Amino acid sequence: MSDSFDLIIIGAGPGGYVCAIRAAQLGLKVACVEKRATLGGTCLNVGCIPSKALLQSSEQFSHATHALKDHGVLVEGVKLDLARMQARKGEVVTANVKGVEFLFRKNKVTWLKGAGRIVAPGKVEVAGTEYDTKSIVIATGSDSAPLRGVDVDEKRIVTSTGALEVDKVPGHLVVIGAGVIGLELGSVWRRLGAEVTVVEFLDRIAPGMDTEVATAFQRILTKQGLKFRLGAKVTGASQGKDGVTLSLEPVKGGAAETLKADIVLLAIGRRPFTEGLGLAEAGVALDDRGRVIVDPHYATNVPGIYAIGDVIAGPMLAHKAEDEGVAIAEILAGQAGHVNYGVIPSVVYTSPEVAWVGQTEEELKAAGIAYAVGKFPFTANGRARAMGETDGFVKILADKTTDRLLGAHILGPDAGTLIAELATAMEFGASSEDVGRICHAHPTLEEAVKEAALATAGHALHI
Ligand code: FAD
Ligand code: NAI
């Protein structure tokens, strides 16, 4: 028998490590178990951070090769140093994961290295040692969903993890799944010169995104050279000397076809990861999709065992996992932790970015809620014109009767930053008139947000 703790968290992703820090701040004696060699989970090691590093670098390359000449900046002989780009990505990841290690030391969180297994409520085993704890939080995250007939080798048939490590720009990259991973990583390799085809089961891209926005987004991505094969399902993949051959079938019937690829990226969603945790033995209930079932206070059906992040229901987003980590830490410390699931922003970090918060038009229609729409295009925004980034628009949905903000959707430059104003407004229960009457600095992209808010009442000023 070794040390005992108030709280042992299994998994040091954004859910687990943030939970550990907050619980330690609140005076609990905390350990966090992580089997990976570095802290930070999927997000810092093979997810959010490395993908954003490559998105940033590939965008710089694309500016140098395409956009700069419009600004009168002539750059000749631009070349890609992919090895350097990948090395830089590695440096960014290292700085972030080391940062979490520092935060653990600073907050006196013990990192238990190895795979954690729940032996019983209040007992966790790590690398042959059993630890006692008052509470256990499962924060083991997710991994890529497999597809029958498409065997991942992380070289030619890759998940997002392999797609972040490619050391030569592929001639033809075929992405299976037009979701967030497919569109972000497809954009990276397209910008660096690959031909990219995205095969999607549905007849639209980016399910979950407001349909009007998704349609405009697809048009922009198509202009950037991404090809879409919608309404098609991949039924198999075979590897040969000259690459991979994918078999495709139209969802609505029709002749099967094949598609040749140098690299195939399988990105059809992620599934909760609970392997080897001992959940069945501990009696922890899972739903039909393998997610740990929790009540509104993150408690599982077994007293003393809680779960947060990708391993439970809800959007698989780092900031959702982080906020749940804070909430459960506060609940365990006797406070009133809470997450408002109605106001969790989503961002797709392509160029332009897409960001949204609250409900889509389709959701409001389905719920029978009467709403007003206000839209404002970036073509009418002075700053966007100056930047040369006028693709897209801001769309605000407000309650027809009360004018309360119900949803906001932005396709355009820096949408991921712009959405924060609307998330804040929604958290404070603001109306679109409230946003429209706030003094916004000129010339800024934020003025497009103000104008869209004014447009819900039909009086935008600059259109
Ligand atoms: P994870 O980050 O998956 O962490 C779980 C950790 O638990 C892992 O480190 C794992 O090794 C560890 N673990 C599992 N089992 C055990 C065990 N038995 N013992 C010990 N340790 C264990 N989200 C965003 O919000 N923004 C983005 O831009 C974004 N980009 C992404 C890009 C990619 C390519 C991918 C794949 C995901 C991206 N995500 C993004 C999603 C985000 O990474 C996840 O939502 C987030 O990491 C979930 O956090 P988590 O703490 O629940 O789990
Ligand atoms: P996703 O759920 O976003 O998209 C998967 C896509 O694959 C869907 O469009 C789906 O219809 C399609 N699909 C499913 N089965 C298919 C099949 N057999 N053939 C063809 N298409 C098929 O999942 P994705 O992109 O893998 O991302 C996983 C998670 O990671 C997401 O939930 C997302 O929240 C998170 N993530 C978030 C990012 C961000 O916030 N910027 C970036 C990357 C990932």
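How many salt bridges does a search of the whole structure find? Keep that in mind for a moment, and hello everyone. The search finds 21 salt bridges. Please remember that what you see here is a predicted model.

Let me start with the overall picture. The protein chain contains 14 helices and 22 strands. If you follow the C-alpha trace along its principal axes, the spans are about 70 × 60 × 50 Å. For a chain of 463 residues, a compact globule would have a radius of gyration near 23 Å, and the protein chain has 23 Å, so the two agree.

What about inside and outside? Buried residues make up 50% of the 463 residues. The accessible surface of the protein chain comes to about 21,000 Å², and 53% of that surface belongs to carbon and sulfur atoms.

Here is a number about how the chain folds back on itself. Take the contacts in the protein chain with a separation of 6 or more: residues 24 or more positions apart account for 62% of them.

Begin with glutamate 101 and arginine 105, whose closest N and O atoms are 3.9 Å apart in their salt bridge. Both residues sit in helix H4, which runs over residues 82-106, and they are four residues apart, about one turn of the helix. Is arginine 105 buried or exposed? Its relative accessibility is 57%, so arginine 105 counts as exposed.

The next pair is glutamate 257 with arginine 229, a salt bridge in which the closest N and O atoms are 2.4 Å apart. This pair links distant parts of the chain, with glutamate 257 in strand S14 (residues 257-261) and arginine 229 in strand S11 (residues 227-230), 28 residues apart. Glutamate 257 is partly exposed, at a relative accessible area of 32%, and arginine 229 also counts as partly exposed, at 23% relative accessibility.

Stay on strand S14, please, for lysine 260. The side chain of lysine 260 meets that of aspartate 242 in a salt bridge, 3.4 Å from N to O. Again distant parts of the chain are linked: aspartate 242 lies in the loop between strand S12 (232-240) and strand S13 (243-250), 18 residues from lysine 260. Lysine 260 counts as partly exposed at 47% relative accessibility, while aspartate 242 is exposed, with a relative accessible area of 53%.

Salt bridges can also join up. Which residues are linked in a network of salt bridges? They are Asp210, Glu212, Glu361, Lys375 and Lys395.

Here is a charged residue with another story. Glutamate 59, in helix H3 (residues 48-65), is buried yet has no salt bridge. The nearest side chain of opposite charge is arginine 191, 4.5 Å away. A salt bridge needs the nitrogen and the carboxyl oxygen within 4 Å, so a pair at that distance falls outside the cut-off. Not counting residues up to four places away in sequence, glutamate 59 touches Arg191 and Ser351.

Let's turn to a helix on the inside. Helix H14 covers residues 446-455, and eight of its ten residues are buried, so this helix is largely enclosed by the rest of the structure. Among the buried ones are Glu447, Val449, Glu451 and Leu454. What do the buried residues of H14 pack against? Their partners are strands S20 (371-377), S21 (393-399) and S22 (405-412), together with helices H12 (415-427) and H13 (432-437).

For contrast, find lysine 134 in strand S6 (residues 129-138). Lysine 134 is exposed, with a relative accessible area of 63%. Leaving aside neighbours within four places in sequence, lysine 134 is in contact with Phe5, Asp6 and Gly304. From the C-alpha atom of lysine 134 to that of glutamate 361 is 45 Å, and the two are 227 residues apart along the chain.

My last stop is aspartate 153, in the loop between strand S7 (142-144) and strand S8 (157-158). Aspartate 153 counts as partly exposed at 33% relative accessibility. Aspartate 153 and glutamine 359 are 206 residues apart in sequence and 38 Å apart in space, C-alpha to C-alpha.

Methods. Residues numbered from 1 in each chain as written. Chains lettered and ligands numbered in written order. Predicted model: local features only at pLDDT ≥ 70, side-chain atom pairs only at ≥ 80, totals over all residues. Heavy atoms only, no water. Helix = DSSP H or I, 4+ residues; strand = E, 2+ residues; numbered from the N terminus. Rg over C-alpha atoms; globule rule 2.2 N^0.38 Å. Buried < 20%, exposed > 50% of the residue type's maximum accessible area, 1.4 Å probe, protein only. Contact = heavy atoms within 4.5 Å. Areas by Shrake-Rupley, 256 points an atom, 1.4 Å probe, with all protein chains shown as cover. Lys, Arg positive; Asp, Glu negative; His and termini not counted.
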